[in-house]
Amino acid sequence: MKIGIVCYPTYGGSGVVATELGKGLAQKGHQVHFITYSQPARMDRFHENLFYHEVSAPDYPLFEHAPYETALASKLVDVVRYEKLDILHVHYAIPHASVAYLAKKILLSEGYYIPVITTLHGTDITLVGRNPSYAPVVAFSINKSDGVTAVSESLKQDTLSFFDLEKEIKVIPNFIDFHRFKKSNKDHFKKAIAPNGEKILIHVSNFRKVKRVGDVIDVFKQVYEKIPSKLLLVGDGPERHSIEQRCREIGLCHEIRFLGKQDAVEELLAVADLFILPSESESFGLAALEAMACQVPIISTNTGGLPEVNIHGKTGFTSDVGDVNQMAKYAIELLENPEKLQTFRDQAFAAAEGFDIEHVLPHYEAYYEYILETAVYDKTQSIE
Ligand code: GMT
């Protein structure tokens, strides 16, 4: 198949999922064309079946913001037409689903039919998409997609409750590539971080408000008071400055390392004992799944799709949003009990195996086939 993938090219979860999906499809012999404004962060090596088409929105003194959507729609028309793509798969509804609809209509006016699949990732529905500034366009473009997938059952239910939809939503969960994410021996690194055998807690995110990184610090403070430990904070974003301030206020800067954006997250996960994810909202929690693949149990909230990934009492523990005392209790319970910690490590790994890319990718392929067959009817529809 010739597949066009539209996504955000950054380190965010939706861009990572889209890029890993494209790489996996290319590996299986499909031709994959990424169409976005810069090279996706995880598109890190050459593959004969992978292509990248950069969208640039030329500036003009009249524009306060260059019209990216118009440039993307034009690029989609050009790439679909020239490369003779079979299907377009857009990740994150805003603005990709509505832009794809426009491109599809332009192509239809030329007699070229291209089905569009939209994958919903989370904030495009739960935070941003529901905002009245975007909601009518989001709802319309989801309804007009030929196929719609959501990364968890929870996100599917949220989408159905927020919008008036006539479209079926298929749940295809996020996935993990075990060739990359696996526990490896990084003892030398562990010694450098925790020279006296301290426990290592880790948090990885984009440091946005929704991640509640302040709760990570509060949980760590309680753990630290009982158990010698270190905290690794991976990622960067708008909340980082205030979190650094908070570490100074509580006098724990020497035990907390801010590592910024890291490419080789798996090497950091390899030395960690616990992963803390106290998000206010999380449609899936890909960062948690990556930790589980590296045998790191999860202390998380029970919001959104997290309970579908982090099984309470098995792969880690879940608590109500903001309940840092409970999260700290669970963390201490595991860290104080090496046998229990090892059992949870094993169970986290076993649960992660259920999300192996090898199992999940065929679901996308089958869905593409299904949409290509069933969307044929649309071909005969008028172009208005
Ligand atoms: O977590 C973020 O804020 C980034 C965001 C994105 O779209 O890049 O992540 C969302 O999509 C990920 C991949 O499907 C999910 O694993 C995250 O749970 C989801 N984030 C939220 O729902 C807050």
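Me: What makes the contact of arginine 240 with aspartate 236 a salt bridge?
Reply: The closest N and O atoms are 3.6 Å apart, and a salt bridge needs a side-chain nitrogen of Lys or Arg within 4 Å of a carboxyl oxygen of Asp or Glu, so the pair of arginine 240 and aspartate 236 qualifies. Keep in mind that this is a predicted model, where local features need pLDDT of at least 70, side-chain atom pairs count only at pLDDT 80 or more, and totals for chains, interfaces and linings use all residues. Residues are numbered from 1 along each chain as its sequence is written, and side-chain values use heavy atoms, with hydrogens and water left out.

Me: Why is arginine 240 called buried?
Reply: Its relative accessibility is 18%. Buried means under 20% relative accessible area, exposed means over 50%, and partly exposed lies in between (1.4 Å probe, protein chains only), so arginine 240 counts as buried. Aspartate 236 has 33%, so that one is partly exposed.

Me: How do you know that aspartate 218 and arginine 246 form a salt bridge?
Reply: Their closest N and O atoms are 2.6 Å apart, which is within the cut-off, so the pair counts. The two sit in distant parts of the chain, 28 residues apart: aspartate 218 in helix 8 (residues 213-226) and arginine 246 in helix 9 (residues 240-249). Helices here are DSSP runs (H or I, at least four residues), strands are E runs of at least two, and both are numbered from the N terminus.

Me: Are aspartate 218 and arginine 246 buried, partly exposed or exposed, and why?
Reply: Aspartate 218 has a relative accessible area of 22%, so it is partly exposed. Arginine 246, at 28%, is partly exposed because that value also falls in the in-between range.

Me: What makes glutamate 20 and arginine 42 a salt bridge?
Reply: The N to O distance is 3.1 Å, so the pair passes the distance test. It links glutamate 20 in helix 1 (residues 13-27) with arginine 42 in the loop between strand 2 (31-36) and strand 3 (50-54), 22 residues apart. Glutamate 20 is buried because its relative accessible area is 10%, and arginine 42 is buried because its value is 12%.
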